[in-house]
Amino acid sequence: MSATTPVLRLRDAAFRYPGGAGVSDLSVDVAPGEALAVIGPNGAGKSTLLRGILGLVPLVAGDMQVDGRTNDADGMIGFLPQSAELDPDFPISLAQVVMQGRYRRLGLFRWPGRRDRQLVREALETVGLADRADRRFGELSGGQRQRGLLARALASEPSLLLLDEPFNGLDQANREALVDTLRTLKARGVAVIVSTHDLELAREVCDTVLLVNGTQLSCGPVDDVLTLSNVQECFDGVEVEIDEHTLVVPDHEGH
Ligand SMILES: Nc1ncnc2c1ncn2[C@@H]1O[C@H](COP(=O)(O)OP(=O)(O)OP(=O)(O)O)[C@@H](O)[C@H]1O
């Protein structure tokens, strides 16, 4: 991959569920080491976009390339889903959860080796949980479990990391830990796409912003896109406040 090839390129792309719901007119580039915030109201299609990039929702129009390729993206993309999908009572250690991130790299009939264990340790260090590797996953706090799942995504050595509303329900300490981790990953050249309602976060961590509401409304550098009028248009009907340099979308529907 040349230095100028985006990790993700969408051109006039649309992702749709069989029932017809989805998100369309997406034209986006995300370069290595760059972070894109996907912002929009409930039901805008943010999760659909992330699931579409993962190949879980069909691309029904336009083009998508991951690392310059239109297929075989498997293994290059790490995903942090919106809510922890693991049963907290399942008797599995944090290190074992993170090792799951290595399995799709291992292929059939190969057991984890020294390098896999090293990558698991590094991923736990990156998210600040190295001292809890042997703890039962279910005994960790919600924020720590989420960081553990992020470590699992990192252990797969993704070039593109997708995070679906990762800041929901995090306290300040876990929030700061996650911001630090995302900055570290960017510095290592990982491309990051994060769906969020948190405009402050978008300013803190992201280089570019995609505003969506069923269709792409605008996409570009944070300061160009996160203007009061753009955000008001996107959150159509939701009151948006402006507090000095920070735009605030008040809590709405479950967030
Ligand atoms: N599995 C599914 N099958 C069919 N339609 C779906 C499915 N999941 C979501 N949708 C529909 O797709 C549209 C976009 O939903 P999506 O979950 O992508 O929104 P979102 O922006 O992530 O919202 P939120 O902020 O509430 O998480 C909605 O109309 C939703 O009802």
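How many bridges join strand 3 to strand 8, and do the two strands run parallel or antiparallel? Four bridges join them, and the two strands run parallel.

The model shown in these views is predicted: local features need pLDDT of at least 70, side-chain atom pairs count only at pLDDT 80 or more, and totals for chains, interfaces and linings use all residues. Residues are numbered from 1 along each chain as its sequence is written, and side-chain values use heavy atoms, with hydrogens and water left out.

**View 1. The protein chain as a whole.** The protein chain holds eight helices and 11 strands. Helices (H or I, at least four residues) and strands (E, at least two) are DSSP runs, numbered from the N terminus. Of its 255 residues, 49% count as buried. Buried means under 20% relative accessible area, exposed means over 50%, and partly exposed lies in between (1.4 Å probe, protein chains only). Among contacts between residues at least 6 apart in sequence, 66% join residues at least 24 apart. Here a contact means heavy atoms within 4.5 Å.

View 2. Two strands count as paired if DSSP finds at least two bridges between them. Strands of a sheet pair through backbone hydrogen bonds, either parallel or antiparallel.

**View 3. Strand 8 and its two partners.** Strand 8 spans residues 208-212 and is joined to strand 9 by five bridges, the two running antiparallel. Leu211 has Ser218 of strand 9 as its bridge partner, while Leu210 has Cys219 of strand 9. Five of the five residues of strand 8 are buried. Both faces are covered, with Thr208, Leu210 and Val212 on one side and Val209 and Leu211 on the other.

View 4. Arg16 is found in strand 1 (residues 8-16). Because its relative accessible area is 28%, Arg16 counts as partly exposed. The side chain of Arg16 reaches the backbone oxygen of Gly20 at 3.0 Å. The C-alpha atoms of Arg16 and Val57 are separated by 6.2 Å, although the two residues are 41 residues apart along the chain. Not counting residues up to four places away in sequence, Arg16 touches Ala21, Gly22, Val23, Ser24, Val57, Pro58 and Val60. Thr48 lies in helix 1 and counts as buried because its relative accessibility is 9%.

**View 5. Where domain 1 meets domain 2.** The domain assignment gives domain 1 (1-76 + 161-255) and domain 2 (86-157); such bounds come from an automatic or database domain assignment. In this view, 13 residues of domain 1 are in contact with 12 residues of domain 2. The area buried between the domains is about 950 Å², of which carbon and sulfur atoms give 57%. Buried area is the accessible area (1.4 Å probe) that two parts lose on being put together, summed over both. In domain 1, Gly75, Asn174 and Thr181 lose the most area to domain 2, together 42% of what that side buries.

**View 6. Asn174 in helix 5.** Asn174 lies in helix 5 and is buried because its relative accessible area is 10%. Leaving aside neighbours within four places in sequence, Asn174 is in contact with Gly143, Gln144 and Arg147. The C-alpha atoms of Asn174 and Gly143 are separated by 6.1 Å, and the two residues are 31 residues apart along the chain.

Notes
A polar contact is a pair of N or O atoms within 3.5 Å; within protein, one must be able to donate a hydrogen and the other to accept it, and residues adjacent in sequence count only if both atoms are side-chain atoms.
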